[in-house]
Amino acid sequence: MPTPSLAALPIRRLTPRDLTACADLSEDRGWPREEHKWQFLLTAGKGYGIDDPAGGLVSACVVTDYGPRDRPDLGAIGMVLVAERHARQGVGRRLMRHVVSLMGTTPLTLHATPNGQGLYEEIGFKATGRAEMLRGHFRADTAGPSVATRAATAEDLSAMVRLDEEVFGTDRTHIITRLPAFTDRLRVAEENGRLIGYAGAWPNMDTQVVGPLVARDTETAKALIASLATHTDRPLRTDIDVRHEELLSWAKEHGLASVAFNSVMTYGISELPGDWTRRFAPVTVAAG
């Protein structure tokens, strides 16, 4: 039988059972396998993909909805990948148009690499911000942080959800309640019994990714990063909104170096909801 054309191959929902195929696709494009992150995204969000008749996946992506289940306030698109053997044949464009159509009037966001930004602009996304990826071994100050932090407990989750909704601009309960299992470490900062920030660190191949990072101010963000760094020998990696210039300078002074920049893009809204001044880094750029 002749092999069907790429345009004729159906797009289907992915499930956690597709974890290995998704990791294989990442590896095919020269990315780390990132199985821990794929597992998180496929359970917290919705995956879409195209099966290759020869085995594996032609393409895949994940959408994470925020807000009410029946009418989301925002959808974040990430992990948009096309197998190398099928690249530059319009597959990524087809998958993206399919997802945008499925989301209807729901505003969308994504983090775009320079290579992918042109495709997203063609579909209608607009660059509304930038994030800088940092990586390196953190060097702590001898004096220690100026804001006290501690390990998060189950009793902190409700306060974290409330703070996160205030900062992010929509409900992310399904993300926050997964953080204790997803992260290696989850820390909070509080003042007079009130939560003023939280941050997690999770394993991704040979690094510890710091995210999410939500904090009242830069000093609180610094303290949370420093507290996470003291418990690992791995290099840290994080993606910080470029408007947080003071935190970026501090992180570079403490051993982290700039790796790349991604464009934060939106569709259907001119800017992301919430309070960017307290939103320092996402849990992962793939989930907004």
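1. Which strands and helices each supply at least two residues of the lining of the largest pocket? In this predicted model, they are strand S4 (74-82), helix H3 (91-103), strand S5 (108-112), helix H4 (114-123), strand S6 (126-136) and strand S12 (257-267).

2. The largest pocket holds about 1,200 Å³ of space. Its lining comprises 42 residues, and those nearest the pocket centre are Trp-31, Val-80, Leu-81, Thr-113 and Tyr-120. By class, this lining has 20 nonpolar, 14 polar and eight charged residues.

3. For the second largest pocket, the space comes to about 420 Å³. Of the 27 residues in its lining, Asp-241, Arg-243, Val-264, Leu-272 and Arg-279 lie nearest the centre. The lining divides into 13 nonpolar, six polar and eight charged residues.

4. Elements that each give at least two residues to the lining of the second largest pocket are S5, S6, helix H5 (157-168), S10, S11 and strand S13 (279-281). S6 gives the most, with four residues. Strand S6 also supplies at least two residues to the lining of the largest pocket, as does S5.

5. There is one cavity of 30 Å³ or more in the structure. The volume of the largest cavity is about 50 Å³. Its lining is made up of Lys-37, Trp-202, Val-209, Val-210, Arg-237, Thr-238, Asp-239, Pro-282, Val-283, Thr-284 and Val-285. Six of these residues are nonpolar, two are polar and three are charged.

6. Strand S10 (207-215) and strand S11 (236-241) each contribute at least two residues to the lining of the largest cavity. The most comes from S11, with three residues. S10 and S11 also each supply at least two residues to the lining of the second largest pocket.

7. Lys-37, part of the cavity lining, forms a salt bridge with Glu-34, with the closest N and O atoms 3.2 Å apart. Lys-37 and Glu-34 are both buried. The structure has 25 salt bridges by the rule applied.

8. Arg-172 and Asp-164 form another salt bridge, where the closest N and O atoms are 2.7 Å apart. Both partners are buried.

9. Is Arg-88 buried or exposed? Arg-88 counts as exposed because its relative accessible area is 69%, over the 50% cut-off. Its salt-bridge partner is Glu-84, the closest N and O atoms being 3.3 Å apart. Glu-84 is partly exposed, at a relative accessible area of 37%.

Definitions and conventions
Residues numbered from 1 in each chain as written. Predicted model: local features only at pLDDT ≥ 70, side-chain atom pairs only at ≥ 80, totals over all residues. Heavy atoms only, no water. Salt bridge = Lys/Arg side-chain N within 4 Å of Asp/Glu carboxyl O. Buried < 20%, exposed > 50% of the residue type's maximum accessible area, 1.4 Å probe, protein only. 1 Å grid on protein atoms, 1.4 Å probe; cavity = no way out; pocket = protein on both sides within 12 Å on 5 of 7 lines; lining within 4 Å. Points joined across faces, edges and corners; volume = space filled by probe spheres on them. Nonpolar A, V, L, I, M, F, W, Y, C, P; charged D, E, K, R; others polar.
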